[in-house]
Amino acid sequence: MTVKFELGERKHVRLIVSSCKGDDFEITLASYELRRQYTDEVEDSGTCVIAEHAMDMMIAPQAAGKYWLHVTYHIADETLIDVVEVIVD
């Protein structure tokens, strides 16, 4: 998944999780780190707002280029990580 920004934008990024088995579940904790692609420097981090099966975070990349948005979340006894490419023009 890729999201695009214009330099200077501040936007919500929202990830929705679903069960491939159709099971009911609860996201108990979710956090994010916005990392520069080549240096892996963490530019921003925080806690996601959880609403049912969605995780929402507000990000504002500070430079043009590519980033990786690492979203770590917990469901039952599992820890899962989704990575979203962020491109800033």
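## Close-up views of the predicted model

**View 1. Ala64 sits in the loop between β6 and β7.** This close-up, like the ones after it, comes from a predicted model. Ala64 counts as partly exposed, because its relative accessibility is 44%, a value between the 20% limit for buried and the 50% limit for exposed residues. Once residues up to four places away in sequence are set aside, Ala64 touches Leu7, Arg36 and Val88. For a sense of distance, look from Ala64 across to Ser45: the two are 19 residues apart along the chain, and their C-alpha atoms are separated by 18 Å.

**View 2. Arg35 belongs to strand β3.** Which residues does Arg35 contact, leaving aside its neighbours within four places in sequence? The partners are Asp40, Glu41, Val42, Tyr67, Trp68 and His70. Phe5 makes a handy landmark for this view: Arg35 and Phe5 lie 30 residues apart in sequence and 15 Å apart in space, taken from C-alpha to C-alpha.

**View 3. The largest nonpolar core brings together 22 residues.** Met55, Met57, Ile59, Leu69, Val71 and Val86 are the residues with the most contacts inside this core. The elements that give two or more residues to the core are β1 (2-5), β2 (11-16), β3 (27-36), β6, β7 and β8. Which element supplies the largest share of this core? That is β7, with 5 residues. As background, nonpolar side chains in soluble globular proteins tend to be buried together.

**View 4. Leu69 is one of the residues with the most contacts inside the largest nonpolar core.** Here the view moves in on Leu69 and its partners. With neighbours within four places in sequence left aside, Leu69 is in contact with Val13, Tyr32, Glu33, Leu34, Met57, Ile59, Asp82, Val83, Val84 and Val86.

**View 5. The largest pocket has a volume of about 200 Å³.** The elements that give two or more residues to its lining are β7 and β8. In total, 13 residues line the pocket, and Ser18, Ser19, Phe25, Ile75 and Glu78 lie nearest its centre. What is the lining made of, by class? It has 7 nonpolar, 2 polar and 4 charged residues.

**View 6. Ser19, one of the residues nearest the centre of the largest pocket, lies in the loop between β2 and β3.** Is Ser19 buried, partly exposed or exposed? Ser19 counts as partly exposed, because its relative accessible area is 27%. His53 can guide the eye here: Ser19 and His53 are 34 residues apart in sequence, with 9.6 Å between them from C-alpha to C-alpha.

**View 7. Glu52 and Ala76 are residues other than glycine with a positive phi.** Phi of Glu52 is near 60°, and phi of Ala76 is near 55°. Glu52 is classed as exposed because its relative accessible area is 70%. Ala76 is likewise exposed, with a relative accessible area of 69%.

**View 8. Val49 is found in strand β5.** Val49 is nonpolar by class, so is its side of the story buried or exposed? Val49 counts as exposed, because its relative accessible area of 54% is over the 50% limit. Not counting residues up to four places away in sequence, Val49 touches Ala54, Met55 and Asp56. If you step back from Val49 to Ile87, you cover 38 residues along the chain, and the C-alpha atoms of the two are separated by 23 Å.

**View 9. Cys20 is exposed, whereas Cys48 is buried.** The relative accessible area of Cys20 is 82%. Cys48 counts as buried because its relative accessibility is 7%, under the 20% limit. How many disulfides does the structure hold? The number is 0.

Notes
Residues numbered from 1 in each chain as written. Predicted model: local features only at pLDDT ≥ 70, side-chain atom pairs only at ≥ 80, totals over all residues. Heavy atoms only, no water. Buried < 20%, exposed > 50% of the residue type's maximum accessible area, 1.4 Å probe, protein only. 1 Å grid on protein atoms, 1.4 Å probe; cavity = no way out; pocket = protein on both sides within 12 Å on 5 of 7 lines; lining within 4 Å. Points joined across faces, edges and corners; volume = space filled by probe spheres on them. Helix = DSSP H or I, 4+ residues; strand = E, 2+ residues; numbered from the N terminus. Nonpolar A, V, L, I, M, F, W, Y, C, P; charged D, E, K, R; others polar. Core = buried A, V, L, I, M, F, W, Y, C linked by side-chain atoms within 4.5 Å. Contact = heavy atoms within 4.5 Å. Disulfide = S-S within 2.5 Å.
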